[in-house]
Amino acid sequence: MKWIILVVMTTFSPDGYDAIKISMVKDKPLYFETQRICSIYVKMHFVELSLFAISTFKEKKEIDDIYCVLEE
């Protein structure tokens, strides 16, 4: 099992949320063996992950939360 990063954005869409899966950094796969290692990475790179997610969406949005989830 591999863990990946999922950034959930707050929006004004009908369902209220949009999300972006972050599985690459600088053209290299970004996977984690455990949720703990993923969580440590998120804490260390919170600002960069947030800025990337915000820049990905066209409309102005805010970060709701960043999760480590099992890749399906």
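This note sets out the main features of the structure in numbered points.

1. Basis of the note. The structure is a predicted model, in which local features need pLDDT of at least 70, side-chain atom pairs count only at pLDDT 80 or more, and totals for chains, interfaces and linings use all residues. Residues are numbered from 1 along each chain as its sequence is written, and side-chain values use heavy atoms, with hydrogens and water left out.

2. Overall architecture. The protein chain contains 2 helices and 5 strands; here helices (H or I, at least four residues) and strands (E, at least two) are DSSP runs, numbered from the N terminus.

3. Of the 72 residues in the protein chain, 32% are buried. Buried means under 20% relative accessible area, exposed over 50%, and partly exposed in between, with a 1.4 Å probe and protein chains only. The accessible surface of the protein chain is about 5500 Å², and 59% of that surface belongs to carbon and sulfur atoms. Accessible areas come from the Shrake-Rupley method with a 1.4 Å probe; for residues, only the protein chains shown count as cover. Among contacts between residues at least 6 apart in sequence, 66% join residues at least 24 apart, where contact means heavy atoms within 4.5 Å.

4. Helix 1. The buried residues of helix 1 are C38, Y41 and V42. Viewed down the axis of helix 1, these buried residues fall within an arc of 100°, so they line one face of the helix; the arc is that of the directions from the helix axis to the C-beta atoms. The other side of helix 1 has R36, K43 and M44 exposed. Strand 1 (3-10), strand 3, helix 2 and strand 5 (62-70) are the elements against which the buried residues of helix 1 pack.

5. Helix 2. In helix 2, L49, S50 and A53 are buried. They too lie within an arc of 100° when seen down the axis of helix 2, and therefore line one face of the helix. The face turned away from this buried side carries the exposed residues V47, L51 and S55.

6. Packing of the two helices. Helix 1 (residues 35-44) and helix 2 (residues 46-56) pack at an angle of about 80°, with their axes 5 Å apart. The angle makes helix 1 roughly perpendicular to helix 2. Axes are lines fitted to C-alpha atoms, for helices over the stretch in contact, and angles run from 0 to 180 degrees between N-to-C directions. Angles under 35 degrees count as roughly parallel, over 145 as roughly antiparallel, 65 to 115 as roughly perpendicular and the rest as oblique. Helix 1 contributes V42, K43 and M44 to the contact, and helix 2 contributes F46, E48 and L49. These residues divide into 4 nonpolar, no polar and 2 charged. In this grouping Ala, Val, Leu, Ile, Met, Phe, Trp, Tyr, Cys and Pro count as nonpolar, Asp, Glu, Lys and Arg as charged, and the others, Gly among them, as polar.

7. F32. This residue lies in the loop between strand 4 (28-29) and helix 1. F32 counts as buried because its relative accessibility is 7%. Leaving out residues up to four places away in sequence, F32 touches M1, K2, W3, I5, I37, C38 and Y41. F32 and K2 are 30 residues apart along the chain, yet their C-alpha atoms are separated by 5.6 Å.

8. M1. Which residues does M1 touch, not counting residues up to four places away in sequence? They are F32, E33 and L70. M1 lies in the segment before strand 1 and is exposed, with a relative accessible area of 78%.

9. S23. The loop between strand 2 (17-22) and strand 3 (24-25) holds S23. At 14% relative accessibility, S23 counts as buried. Apart from neighbours within four places in sequence, S23 is in contact with K28, P29, L30 and Y31.

10. K26 and D27. Most residues other than glycine have a negative phi. K26, which is not a glycine, has a positive phi near 50°, and D27, also not a glycine, has a positive phi of about 65°. K26 lies in the loop between strand 3 and strand 4, and D27 is found in the loop between strand 3 and strand 4 as well. K26 is exposed, with a relative accessible area of 76%; D27 is exposed, with a relative accessible area of 75%.
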